[in-house]
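Let's take a walk through this protein chain, from the overall build down to a few single residues. Have the structure open and follow along.

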Amino acid sequence: MQDGLTLLASVRYNGHEAIDMRWKTSLSNKFIALYGAIFLIVIGMTFWLSYIGSTGRLESEVNSTNIALLKQVDQKIEMVLKELDKDLLKLSEELEFVYFMYDSYSDNAHRYSNYYGLSNKMKGLMNSDPYISSIYIYSGISGEVLTDQTLIEGRDNPELRWLSGYMDMEGYSKWLTTHRIGAGTNARNVVTLVRVYPSVSSPGYRKGLLAVNIDETMLYNLIKDANGGRLGHIFVIDADGNVVSHDDKTMLFHSLKNQSDMVRLLQGKTDTGYFRVKENGEEETIFYAASKYTGWKIVSIVPKAQMNRPITVTRNLLLVLASLMFAAAISAVIFVNRWTFRPLDRVLGTVKRRFLPQKANPDAGSLTFLESVFDEMMTDREALQKQVRDSRPALKMRMVSDLLTGYRTEYAAVKHRLEFAGIRLYPAHYIVCSAEISGDKQGMSRTDLMLYTYALCNIAEELINMENRGAAVEMKDGLAAIIMSFEGGDAEQNQMRALATADSIRDIMKRQFGLTVTFGIGGFRSAMKDLSQSYEESLRALEYKMVMGAGAVVSIDDVQQANGGAYDRILQLADTVVESLKQADRSRLLESLRAVFEESVRSSYSPDMIRQLCFDLILKSYKMAASIGLDMRPYAGKITAVHNQLSQCRDWREAQQVTEGLLCQFLQMVVERRNQRGKNDTVDKILAYIHEHYRRSDLSLNLLAQQFQLTPPYVSKLFKEHTEQNFMDYLIAIRMEASKERLADRKLKIGEIAEEVGYTNIHSFLRTFKKYTGMTPTEYRELIAAHASPEASGPLAE
């Protein structure tokens with residue numbers, strides 16, 4: 001009986017072992033075999049496709065590289081030639097040059113003195129630019145040619161015939177292909193730029209020509225240096241197939257337009273490209289790139305052996321790598337079979353033994369286990385997402401701290417990190433502010449202080465992001481750092497925006513929470529790498545709350561010693577003139593212009609300084625008009641004439657009339673452009689509302705949006721489209737003009753005037769008035785008083 005029981009137990013045990021073996025054979029071994037086969041197939045197919053596709057891909061990359069090198073050579077040549085052309089234009093603006101072209105001299109002494117002065121300036125230009133071989137200046141009025149060495153007279157002189165023939169050429173300038181000038185030992189092969197004078201004039205109205213010669217050898221050395229020997233045989237031809245520069249000097253003065261491969265190149269419709277030809281049984285690739293500036297084509301001929309060298313090396317390396325990977329794949333399959341699936345077998349065996357006695361179907365137990373593992377993974381994923389959301393404020397603080405400490409300095413490198421942290425910044429134009437909650441901190445708990453600082457940061461970001469971009473974070477208890485980023489504008493304009501934004505934040509914190517906030521504003525920085533400097537300046541400015549009191553908005557400009565001399569002060573007043581022109585405000589334009597001249601005369605500035613001021617003012621106005629889209633080409637030729645007219649003014653009033661006349665012409669163009677744009681009823685209502693309520697200190701985009709049932713971003717966009725300036729700049733201009741009117745009444749105090757025009761803090765008013773007008777309210781009031789006295793007069797002494 002005992003032996004029978006033992007036998008039965010043995011049979012049941014051996015049966016379970018058989019089940020285990022069959023289970024392992026059906027699952028584990030088949031899975032291992034399938035995994036190994038897929039592994040080998042994938043690697044084999046990957047390297048086989050790489051081998052097939054490598055030739056075409058690498059050949060395309062080599063072609064693209066050669067084209068890029070040709071473009072690089074073209075850019076180097078174009079940069080040098082454009083710089084040379086710019087130097088010629090500067091030379092044509094010299095007074096001696098104008099005298100020579102118009103043959104306008106008071107006597108022979110003046111003539112030869114002018115020859116000498118112009119010749120010295122030509123030599124100076126040649127010394128500063130090593131590529132210039134010689135310079136010819138031809139006067140069509142006198143028939144003379146002045147070079148850096150001599151004066152050539154006589155219209156029939158052989159030295160003049162090649163140059164004078166271009167008086168009636170099409171266009172204003174032309175690059176001539178290689179030609180020979182001089183004779184005997186002085187003969188040289190040169191490439192010449194011929195430019196007419198005046199620089200924008202038609203045939204029949206031209207007074208002369210200006211030609212500069214570049215030695216062909218210098219041009220080829222420039223091409224050779226830019227190429228570095230990487231493009232094979234390289235040369236330059238013009239649009240007619242004539243050789244401009246060549247390493248084989250016997251090819252100069254030859255035309256290649258009849259060669260079959262050059263015909264195909266010259267008739268090509270694309271600026272860059274390549275094609276293959278067979279020359280003497282050897283296949284070659286011809287690359288070319290056309291210059292849009294000169295019209296030349298840079299040609300490179302590369303033999304097939306040189307082209308295929310990197311392809312052959314890469315292909316052989318790929319074959320070796322494929323062989324190694326195949327060997328590694330076989331080893332990996334053996335390793336996986338031996339080490340990876342053995343623990344998996346044990347895991348699956350454990351699952352089978354745990355669930356097989358309890359479940360009729362073993363697969364159901366396995367699926368339940370896998371489902372529970374999957375649920376656990378999803379739970380972990382949700383917990384991880386929550387952790388990321390909770391850590392975003394800390395990440396934002398860390399990113400801002402890195403920017404302010406100079407740890408991260410490149411915008412392109414941190415752009416995606418900033419976006420992930422919810423920070424929106426422009427690539428340039430930054431100002432950093434430090435804001436501190438002042439007052440009795442002892443009676444405030446640390447938690448309350450943190451919450452108030454958090455509210456301060458939220459208010460700052462909301463106000464900044466209405467028209468600009470920025471971020472604000474808490475640095476320590478009660479202290480926040482604010483980064484303001486602007487889309488454009490100069491340093492002064494952005495400083496005014498930052499000051500106005502800080503005033504708004506301070507007023508909101510005072511009104512909603514009853515807290516006093518002091519601001520320190522750093523200097524303007526154009527690059528992210530300089531943010532740390534602006535931050536340090538903001539902290540230094542914040543320290544001046546001990547002097548200016550809590551609740552002040554202190555700019556670093558307020559505590560640094562002013563730089564610049566008397567002329568810099570006048571240029572600040574000139575900026576007001578340009579801004580008035582941009583706003584199409586005729587009365588303010590004339591008033592600001594009169595203030596500029598009266599300040600100049602009262603300060604006893606020299607006649608040359610007044611003339612230079614007039615010319616600088618005209619140039620600034622010209623650039624401003626062009627920047628807003630006006631067609632200023634008709635005035636391009638008048639600038640030189642205006643300069644000459646200013647030089648002949650004997651009285652400052654006469655200079656003022658010349659300047660005022662031209663600026664009024666610019667003003668008429670601005671007005672016509674605005675009239676063409678048409679009116680917008682909503683914008684007109686907003687402007688009327690601003691003019692009526694500018695005295696309110698809480699006037700902001702939010703208030704306008706509530707009043708007209710619009711969103712703040714839409715109000716900002718609509719305002720800028722129809723006024724060509726943002727809301728804050730417009731509001732500042734309205735308040736400053738109103739304050740200037742009130743300053744005429746000497747009974748009113750400065751503080752009273754500041755409150756009447758919407759400023760609750762006199763420091764903010766003084767700072768903004770100084771930046772807007774170039775002078776303090778007291779100085780402006782003195783200027784108004786000076787208007788009542790007899791005006792200064794007297795000739796401009798030469």
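Two residues count as being in contact when heavy atoms of theirs come within 4.5 Å of each other. With that in hand, look at contacts in the chain between residues at least 6 apart in sequence: 65% of these join residues at least 24 apart.

## The overall picture

Keep in mind that this is a predicted model. The chain has 798 residues, and 43% of them are buried. Its secondary structure comes to 27 helices and 16 strands.

The largest nonpolar core holds 67 residues, and the ones with the most contacts inside it are I482, I505, I690 and F765. Which helix gives the most to this core? That would be α24 (residues 727-742), with nine residues. Apart from this core lies another one, of 42 residues, including L70, L81, L210 and I223.

Take I482 as a way into the 67-residue core. If you skip its neighbours within four places in sequence, I482 is in contact with I431, V432, C433, A435, A460, I464, A471, A472, I505 and F519. Two of the names there, A460 and I464, also turn up among the buried residues of helix α10.

## Helix α10

Helix α10 covers residues 446-467, 22 residues in total. At 1.5 Å a residue it should span 32 Å, and its end C-alpha atoms are 33 Å apart, which agrees. The buried residues here are L449, T453, A455, L456, C457, I459, A460, E461, L463, I464 and M466. Note that E461 is on that buried list, too.

Within α22, the buried residues are L701, L703, L704 and A705. The buried residues of this helix pack against α10, α21, α23 and α24.

Next comes Q709, which follows α22 and lies in the loop between α22 and α23. Its phi is near 55°, a positive value in a residue other than glycine. Is Q709 buried or exposed? Q709 is exposed, with a relative accessible area of 72%.

## Where α24 crosses α26

Helices α24 and α26 (residues 762-773) pack at an angle of about 95°, with their axes 11 Å apart. Angles of 65 to 115 degrees count as roughly perpendicular, so α24 is roughly perpendicular to α26. On the α24 side the contact is made by I732, A733, M736, E737, S739 and K740, and on the α26 side by F765, T768, F769, Y772 and T773.

Now look at I753, which is found in helix α25 (residues 750-756). I753 is buried, with a relative accessible area of 0%. Leaving aside its neighbours within four places in sequence, I753 is in contact with S739, R742, L743, L748, F765 and R781. I753 and L743 are 10 residues apart in sequence, and their C-alpha atoms are 7.6 Å apart in space. S739 and F765 from this contact list also take part in the α24–α26 contact.

## Two backbone spots to check

Where does the chain have a cis peptide bond? One joins Y197 and P198, with omega about 0°. P198 lies in the loop between β5 (188-197) and β6 (208-215).

The other spot is D103, in the loop between α2 (95-102) and α3 (108-128). D103 has a positive phi of about 50° although it is not a glycine. This residue is partly exposed, with a relative accessible area of 27%.

Key. Residues numbered from 1 in each chain as written. Predicted model: local features only at pLDDT ≥ 70, side-chain atom pairs only at ≥ 80, totals over all residues. Heavy atoms only, no water. Core = buried A, V, L, I, M, F, W, Y, C linked by side-chain atoms within 4.5 Å. Buried < 20%, exposed > 50% of the residue type's maximum accessible area, 1.4 Å probe, protein only. Helix = DSSP H or I, 4+ residues; strand = E, 2+ residues; numbered from the N terminus. Axes fitted to C-alpha atoms, helices over the stretch in contact; angles between N-to-C directions. Parallel < 35°, antiparallel > 145°, perpendicular 65-115°, else oblique. Expected span 1.5 Å × (residues − 1).
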